[in-house]
Amino acid sequence: MSTATTTADTGSRSGALRVLFARNPVLGPTAALLVAIIFFSLATSTFANIDNFSFIVQQSIVVGTLALGQTLVILTSGIDLANASIAVFGTLLMTRLTTGHLPGPVALVLAIVACTLVATLSGLLVSRIKLPPFIVTLGMLAVMTAVTNLYSKGTTWPVPSGLLTWLGTSLYLFGRVQFTMGMVIAALLFVLMWFVLAKTGWGRHVYAVGNEPEAARLTGIHIDRTLVSVYAVAGIIYGFAAWMALGRTPTADPNAYQTGNLDSITAVVIGGTSLFGGRGGVVGTVVGALIVAVLRSGLTQMGIDSNYQNLATGVLVIAAVAFDQATRRRSS
């Protein structure tokens with residue numbers, strides 16, 4: 001009797017644990033991040049210090065911001081392979097406009113608007129013509145890569161100092177902890193999008209469209225309009241990512257962030273957002289971006305070859321998607 005009771009209690013606890021992780025997909029990635037930090041802190045003598053943690057966050061803000069826009073698209077069961085190429089085009093546009101004696105604020109606004117329009121076009125093709133997001137954004141990736149190379153004439157452009165490089169400005173908290181204005185803007189964007197997704201009707205519509213489009217339509221949600229707005233908001237975020245990139249490196253390079261699209265997808269998926277839509281969120285994306293940055297920083301400090309770093313990241317992505325599928329099967 002006692003054995004049966006113990007078995008039942010164990011099964012009940014494991015079932016409750018599965019439900020907890022299913023309802024809070026960010027818990028698994030958060031635990032993985034903590035384990036990684038503890039492991040690298042014990043394995044190296046240089047990992048566990050304030051300067052290194054600050055550098056890790058600085059390294060992750062551009063890809064993390066791209067991943068924020070990617071999160072919105074993936075929540076609708078889509079994917080955006082063109083996000084990094086749109087941002088790179090934004091860096092060239094704002095740089096060349098400023099070099100052409102246009103005021104920095106005007107150049108910045110025009111570049112963000114351009115990024116928004118390009119992403120919105122992807123949304124229109126997905127929602128109105130019903131083309132698969134993968135095909136649309138794959139085509140847009142090729143188009144934007146070509147346009148950027150033609151516009152830049154295949155060369156890098158130095159960024160005039162001023163507003164465009166302002167996000168690279170370093171400040172110190174308590175006179176010790178270094179942070180940049182780019183980190184501040186990125187944090188504000190993440191908080192804003194968390195609030196919008198969690199606390200507004202538009203956010204609920206995004207989740208509904210990704211989770212069950214037909215049910216969302218029957219409840220009165222305008223699916224096409226929601227999809228277009230998601231891509232448009234993502235485009236705005238890509239524009240901010242372009243601004244952050246110039247703060248990180250004051251050179252507009254048409255060949256920059258060539259794997260930024262895949263890196264952003266990696267951060268989103270590792271953070272617990274489902275590739276099938278309707279599940280996940282901004283907090284998980286932050287954690288996912290930090291996991292990738294911590295993993296690469298820690299392995300580099302351990303002297304591990306970069307190829308093994310990519311291998312470890314790939315394994316994490318596959319494991320995250322497999323875990324998501326298993327969770328969906330159990331819940332259904």
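Helix α5 passes helix α10 in a right-handed crossing, where right-handed means the near helix is turned clockwise from the far one by less than a right angle, and left-handed means anticlockwise. This is a predicted model, in which local features need pLDDT of at least 70, side-chain atom pairs count only at pLDDT 80 or more, and totals for chains, interfaces and linings use all residues. Residues are numbered from 1 along each chain as its sequence is written, and side-chain values use heavy atoms, with hydrogens and water left out.

The axes of α5 (residues 104-127) and α10 (residues 223-248) come within 7 Å and cross at roughly 150°. Axes here are lines fitted to C-alpha atoms, for helices over the stretch in contact, with angles from 0 to 180 degrees between N-to-C directions. Helices are DSSP runs of H or I, at least four residues, numbered from the N terminus. The contact divides into 13 nonpolar, 7 polar and 1 charged. Nonpolar covers Ala, Val, Leu, Ile, Met, Phe, Trp, Tyr, Cys and Pro; charged covers Asp, Glu, Lys and Arg; the others, Gly among them, are polar.

Next, α3 and α11. The axes of α3 (residues 50-75) and α11 (residues 260-270) come within 8 Å and cross at roughly 70°. That makes α3 roughly perpendicular to α11 (65 to 115 degrees). This crossing of α3 and α11 is also right-handed.

Last, T76, in the loop between α3 and α4. Is T76 buried or exposed? T76 is buried, because its relative accessibility is 8%, and buried means under 20% with a 1.4 Å probe, protein chains only. Leaving out residues up to four places away in sequence, T76 touches V206, G210, L227 and V230.

Methods. Helices (H or I, at least four residues) and strands (E, at least two) are DSSP runs, numbered from the N terminus. Angles under 35 degrees count as roughly parallel, over 145 as roughly antiparallel, 65 to 115 as roughly perpendicular and the rest as oblique. Buried means under 20% relative accessible area, exposed over 50%, partly exposed in between (1.4 Å probe, protein chains only). Contact means heavy atoms within 4.5 Å.
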